[in-house]
Every structure is written in structure tokens, then in C-alpha cells.
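Have the structure open and follow along.

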Amino acid sequence: LRHPRESTTWVRPFAAFLMEVPVASLSGNLAAGSANSGFVIRPKLQGCRSGDAGERALPEEEMNEAVGCLTGFFLLRACKGSCNQCAVLRGAVAWKNSHVGVISVDQSANVRLDSLLLSDNHIGVSLNFHRSASDLLHRSFAYNVTIFGSTNASTCGASMDCRALGEDDVVGTRCNSMVGASFRRVGILETMVNHLPKLCETNPKLKVCRPPTTPVKLCAMPWEVRAGTNGARYSEGHWSSISFGHFQHDDCGRRSVAFTMNPSSIDLNFPQRFSDVKWLPSVEAESRLFLDKFGSWMQSDMDGLLHVALIDVDGSLLGTGRPGGTAVSAANPQLTKSSCKARPGYFACDSIAYRILRWEAVDSEENRALSKFKSWRSSDDRATWSKGNNKDNCLMDDPRPERIWQTAGEDLYNLTMFASPPKHHRLFFFNEKPEAVRLDILLTQPFQSEVYVDGEKRDDTFDTSKNVEGPRYPNLRDPHGSYALDPHARRFFLTMRGGSHSGRSALEGGGFILLRLIQVVQLTLTMSIAAIEFDGASIIDSIAKLLQIDSRRIKVVSVQSRAQVAVSGGRRLEESVEMVAHIMEANPEPVPAAAFADAMPPSNESDASSAAWGSADETSGEDSVDTNSSDLKGFSMIGLDELKKLASALGSFASTGALSFALGMKVTVDIEVTDPIAAMAVSTSTTTTTTTTTTSSLPTTSSSTSASPYAFEMQVELHVSVTLATSVSTDVPCANRVAVLAADKRFVAFLEDSISSSVAAEGGCRASDTRPVCLANRRLDIQAAAAERRRLGGVVLPMSVTLKLALRSASVRDAVKATLGSEAFRSRMAAKLASHSSIASAAVLGVTVDGYELVDPLSFPTSASADDSPGTGTLAAIIIGAVIGAPALCYFVYVIGMRIRKRDTMVQAVSFNSFSTNKYILDMTGSDSNVDADLQGRDAIHRVQPPSEQRGLRLRGGDSPAGRHGADDAVKPDTGAWSLHATASWQSVD
């Protein structure tokens, strides 16, 4: 029992049996009624194995028993550092314990539970580990374990609420467990692997460490709450011959469940493999598995919730008898396939084997600018997201740049990161079967890539773009590590396989891939030459000589004929070949050794017998125990500067005709340079020609720049609103999504073709240098009324599309300018945009030519409807852009996310009125008092230069028969951000 004079300012654990050294033998003991732990033991180590270890059956009198305690059996860490032997608990009975029957905290070894009976505990078993972030060999095993929920030993009048130690309850008078009141009984709380230790015997924050189970911070309580981010790169749990009984959906008014997640395991839940599971009739179907959100820790976008998976080895877990299936999270239906079935608390996918695909950024922290990472499955057009690790606000531990997805083999996946990519990517496919996946990785910048498998570089024989039968993408039949780069689609294609690689299982990191990105100047050369006459080697030599660089730095990545160029929407000459080449940075730094060593198996296993307690890890920072530090560097700025100089020189050679002279043919060249910190690259285009004349037998060559047939140039900017056809994650910024579109040459060509055809100048103009840019700093979603909160369609992208129009004559120029200012052009252009496969709808909201607005005020067509349903006549976004010529004061006002809900009439118009050179009023006019405006996007209303001017906004209602519209708001001075105030006549919807 707890001593009455014991301190209540800190957690002071004690136990009926406290054994701090490994126990040679422990049998036949009983701990009953302890106000803390029954047994705190340091388990002995032995070799690990799954299933039956062949040991004799234990008689009842040799079993150790804990009853009526807070925690029944508390397993201390079995070795100093991480070791891969098993800490064994065998022959134990734990029942009626108010917190947990069997628990480990900061366990550094693997664990094997053998021959256990757990009954009527608040939580049956909760295993929590402390392992290195790079660990690949961590496993836990359980065999011959019987777990009961509420039997006749529990009544509704007692043992309803748990008791557990907590941050503000060091005695344990209340239910402070992570499960709390969500469940009365939990059989197995999923295994959790932490990056940081929380007990004083390993974490040196406390100078005095007695007993060794003392937590270093009170916020690290209860025992099963996470500590730092997730530890281990990969782990597995093996549960064999497990029997469940007495779990009811209505257990004295609360739920009970045989298996659920730890709600604080928000970063990653490693796969748990079940075999020979016995479900007794006393387990209701609703109380078998619960893989869904509960408690306050887990949010709907966290990886620990979205990518949890239980593997049914033999069909006994799901009860189908079909081996190899998976139970996955009920919170992530996008992960499932059509064959999966929804069950209470989870999806049962009995014919699909999901396995973890893991991506890591290897470069130093300052070079990692990551976002949510999207994985889109080709077979059924479904996408899942990975957010990555979350910070721990107790034991401070910065999240590592890594992403994980549950992935089904034999399928194609598009991986899209809405940020600049790191220099080194590391990929693992943890699959014991030799199944293949093909990854299509988006690169928003031009890069050259190198592929390393288990530290060995893949040569060009694995590059399927150089296939002797013709260039192609790698497929699911290709060897592990096959790859190709498509410079047009800006995607890197990579085939990965599970199974075994060089004698090492993929479950232990075998076959891991390191993808290295190299900065380049990308040249897209369209040459007036027949395909049969194309000589790539000669062209490379000529360019290298012109730039005075080693020709080995130039690599051809794509060659297309005129027909292929036409299909992809690129520019083409009558007889032409398009070649894409990369000039790679000079002398790129070698791949850091740590990039490989960190993912390779350890040379030998830790020897726990000689370990000294309490000094397992070095500390870095206030709380962290950093076992994965690195001095890896990112992209070379020196190399990038040299590439920019080469690009500038090439542009000069092209514009003066020197490039065409060197190649001996007419050339159109696009030049792009890697910018590793930008979302997309900037390209330039130059067309030059050379003429060759022959006099007698002596050739004379002269170079000149051809006269352009376009005599006039016009700078055009379109303000458009585009609604994407496919709904995407709510956290992807608008700027990054538009950058992905801008990096797609086919989409840019589509824009230019749409503009040229909408102008309808009969070939008298040509669009070029087109750049779409987002006009908001965040993602916009159109939503229905607040009471409904349902999604209406896809994501809205407010864009500014800038381009140059080259014009043949002054008459064409005047005609085009008149056309751009017409409603007909806006309608045609909107229809063209909406015809794109990725766009559901579009609207052209304004046009400027050479800095002047053509249309003012702007009218917004809205559809009228007789009903009063939410979302009728939705106005996706209103973007008003104008330029004041005299003071050259540019301003944009974005009224973002505004929804007009129709009652009797719609808002008719929006206009700008300028009262002075430094004050502007936005007037909205409606003809009825029952118009509601949702101003939820007010934080997206941006000010622009000059910041010193006084500006403000106001809303003004229209005439109302009832006279409900109040006076205008006063203009508010701008103090760093726009302020938007609605008058009494406008209702703000939350």
C-alpha cells in the first residue's frame, strides 16, 4: 500500500515485487491489492521466435498472479541500448487491475509474451518501446494468450471506471488512462514505438533516479502516452494463438473492444500480424476491432489513424478463412478497394495485402521543406495522404521528414509532394512477398536522377527510357530499381519490389532505394531536321564545345519526332525533332556515407549482459535522445550558380544565332534551370535560324537571326477562377497546387492554345511565355451552408495567367484588344478551360492588357433557382484586379470563399469606386434583404504595394422593401492586413 507520508508532488512508483536485475526464476507468486504495481521486473533475454517455442506447459501453481492492482506486470527495459533479443514474460495471470494487466515502458528489447491469462483489466496489454529512429529489426511476439473483457468477476455497480496515474494525479485516484471513458475494457492496446525515453533510468533529466520507473516529466504520464515522435523505421507485432472472450458493445452502458489503437500513437502504427485467433461467442461483432478515431489526441488527418493495418495471416482474425487479408482504418475509406467490406470500427479487406511504403528525406533539416504527400492509386483512381510526424509538446522532439502509406502490391502509384523536393530521397517497401509497385514521383523542377539500391548505383541497363526496343516507362514486370525520367510530365518512374534482396528481407530494409537529384540546365531543342537525320552525339558535342564544358556533363533524356511532339502539345516545325537534354552540375558532391549506413543493418547486436543502466543514449537539446543525427548537406549553391551562368550563355548564343550556327539548323530552344527552393522553374524561349550558301567547291557559312513575322507584342493577364474536377486534401496550399499545374508543359500548352483559339485572330497572333500563378496564399474550398458543412465540388484555384501575345499587324493588335475586352471572349475562354480533363468549371473574371484593366465594373453571371437549397447559385470566388495607370499603383482585392445563397434574387454586380488616390471602396449591391454572404475567407484578403497607403473595404446592401439595410461601414485604415466589415444588412455565416 502507499505510505501515507509519501510525496504527492511527483509520481513515486512502487510495487509488491520490485526486481531491478534480470530474474533467473520467478514462479508461483501472488500480488494482490497493490495501490501501484503488482510486479516490476527486469525480464530475462532469450532468442526470439514466433508461435510455439516448444517449451513445456506450465502448471497453474507455477504461474505468477497480479490481481486488484493499478498495473499487474510492469516490464523494465531488458538491455541498455536497443537489442534484438526478446525480453520474455511467461506464465502470468493478471485480472481486475484498474489500469493495465501487462505493460512495458521504454522497453529497448524485443518482447515475447507466452502463456498469459488477462481478464477484467481496464487494458489487457500495452507494450511501449524506445528504439532508434533508424531501427529495422524491432519485433514483438505473443503466443498462447487469453484475453477476456468483462466476465462475471465484474459488475456494473463496481469496476466501471479505471484508475491510473496521471499528470495531475500522481496517486491514481481517477481514470487518467489514454483510453479513459471511451471504453470500459480494451483487450490489446496497439503496440507503440517511441523515439524518446520517459523513465529516469534512461533519460538523464533527473539526477536522482529511484525507483527506475520514475518519469522525468509529469506530462509524460500516463504510462502509455507517447514520448517524442515515433521510433523505429519499421516494426511488427506477431500475435499467435490468441483467444478473445467477453467483449460487448454495451458493457454496462459503455463499449468494450478486443483490439484498438493507442489514441496518442498519432504518427505511425506498425503492422500487427494475427494468426490462429479464436473468437469466443461472448465477443460481439461490434466489439472485435476498433480502428477509428476516439479521444482528443487523434485527428482525422494523422498517419497513425489513416494507415493503421492488421494483417490476417490465416483468415482467423477477420473470420473469413481466407489468408492474407487486412483490416484497415474506418477513417480512411480512400485506402480501400471495392472488395473491402465496412464492418463496425474498421474495413475488412480479406483479399488485399496492404504493406507499408516509406519515404524519407535524407538531407539536413534546413533543406527540408515538406508538405502533405499524396499517393494516388492508378487502378481505381483513389488517393490517400501522409502528413508525417507530429511534434511532442512534453518531451520535445522535432518531427523527422518522412511519410508512410499503406500500399497494395501490383499497382501503380503517383506520389506528389506539394513542395520543393530534397536532394536525397530514401524509399522502403516493407513487403515479404516479391510483389511490385511502380511509383510515379512528381518533380516540380528539372532534375537528373541517380538510383542506388542497397548502396549500389543502378546503371543505364535499368533505365527503361534507353530500352533497346524503344523507350518506355518501367512496369510491374521489371526488376527492382528499374527507372525512367519523363522530362515532359516532370515525373520520375521507379519500380520497387518486396521479397529478398541480396539475402536481406525487405521487412528488414533489404532493397532500400536512395534517389539522388542532381541540378541541371534543361534544354528542350526543337530542330528543323528529319528524324532519320538526327545525330544526338554530334549535337551534344557541338553544345559542349560552344559552352566549353565536358560533353559527358550533357545527357539526352528524351527524343521525339514531329508526330510525338504534336501529340504532347509542344511547338513543332514542319520537319522537326524535339530533344530534351540535361547539362548536369559540375562535380556534384558524392552521396554521403550516412545516407547508406543509416539504412543498413547493424554490424553486430547489442550485448545486454554488459550494459550499464541509465546511459543508453546521448542527449541533444532539452529532452531529446538523438540516435539519428546527420551532417548531410543539401543542394550546392555553387553548382547552381554555375548552371545559371551556362543558361545565360545559352540564351545569348540562341538569340544571336550562334547556337543555330553551331548546330547547322533552325532551332527553337527552351532553357530551364533547377531552382531547388522554388515550386516551379522559369523557362525562356528563343528561335534562331542559320542559312548556308555554297559557292563553287568552297562552303561559306553565315549566321543571322530571322525576321519575326510578328511585329507587335502585347502583355496580357487573365484573372480566372478554376474549380478542379477532383477533390483533394484540405491542407494543400493554392500556390503549390497551381505550381504543379504550371510545371506541366502539356497544361501550359493547353492554356496557350485555349487563349489563341479564344481570341480567334485567324493566325494573326501567337501566345507564349505563359505562367499561371495563384492569387491566394491558401487552399480554397467551396462549402455549403454552415449547418450542412458538406463539400460542393472540388478545390477552387484563383489564378492570374500572364502571357505574351505576338501580333502580325497593328490591325490585328486592335482587333485582339477589342476581343479580349468582350464578354464573348470570357465565355469562350471559360468553356475552353472547362474542357480540360482536370477542370470541372472555370470563369474568366477580368483581363488586363499592358497593365490596363479592360472591363470595369465586372459582372458575374449567377444561376437563378426557384428552390432554397444550400449552395444554389454558388459564386466560387470573386477576384477583382485593376491597375491605376497614372501613379502606377497596382492593387488587387480578393474576396475569397464568398458564397451567395439564393432566396429570391441574387447579388447582381460588384464594382470598384475610387474616391481618392489612396482610398478604395468595394460596393456590393443586392436587390433583396434576404441575401446571405459567407465571409469565411476574410483572412485571404490581401493588401499589396504600396503598404503605406490608407485603404479599406465596406459592403453596401441594395434597396430593400423592408428597409433592413443599414448604413455603410466607415472605411478602416490598413494597419498591415485588410479588414472587412459587414454592415447589419449582411449575415455572416460561420
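Aspartate 454 sits in the loop between strand 28 and strand 29 (456-457). Keep in mind that this is a predicted model. Aspartate 454 isn't a glycine, yet its phi is positive, at about 50°. Why does that stand out? Because most residues other than glycine have a negative phi. Aspartate 454 counts as buried, because its relative accessible area of 18% falls under 20%.

Now hop to aspartate 381, in the loop between strand 22 (373-377) and strand 23 (382-386). Its phi is positive too, near 60°. Aspartate 381 is partly exposed, with a relative accessible area of 48%.

## Two cis prolines in one loop

Look at the loop between strand 12 (183-194) and strand 13 (235-245), where you'll find proline 211. A cis peptide bond links arginine 210 to proline 211, with omega about -10°. Proline 222 is also in the loop between strand 12 and strand 13, and the bond from methionine 221 to proline 222 is cis, with omega near 5°.

## The largest cavity

How many cavities of 30 Å³ or more turn up in the whole structure? There are eight. The largest has a volume of about 70 Å³, and its lining includes Gln448, Tyr483 and Val556. Strands 28 (447-453), 30 (483-486) and 35 (554-561) each give at least two residues to that lining. Sorted by type, the lining residues are six nonpolar, three polar and three charged.

## A buried alanine

Alanine 647 belongs to helix 5 (residues 637-656) and is buried, at 11% relative accessible area. Beyond its neighbours within four places in sequence, alanine 647 contacts Val521, Ile671 and Val673.

Conventions: Residues are numbered from 1 along each chain as its sequence is written. This is a predicted model: local features need pLDDT of at least 70, side-chain atom pairs count only at pLDDT 80 or more; totals for chains, interfaces and linings use all residues. Side-chain values use heavy atoms; hydrogens and water are left out. Helices (H or I, at least four residues) and strands (E, at least two) are DSSP runs, numbered from the N terminus. Buried means under 20% relative accessible area, exposed over 50%, partly exposed in between (1.4 Å probe, protein chains only). Contact means heavy atoms within 4.5 Å. On a 1 Å grid over the protein atoms alone, a cavity is a set of points where a 1.4 Å probe fits but cannot get out, and a pocket is an open set with protein on both sides within 12 Å along at least five of seven lines; lining residues have an atom within 4 Å of a point. Grid points are joined across faces, edges and corners, and a volume is the space filled by probe spheres set on the points. Ala, Val, Leu, Ile, Met, Phe, Trp, Tyr, Cys and Pro count as nonpolar, Asp, Glu, Lys and Arg as charged, and the others, Gly among them, as polar.
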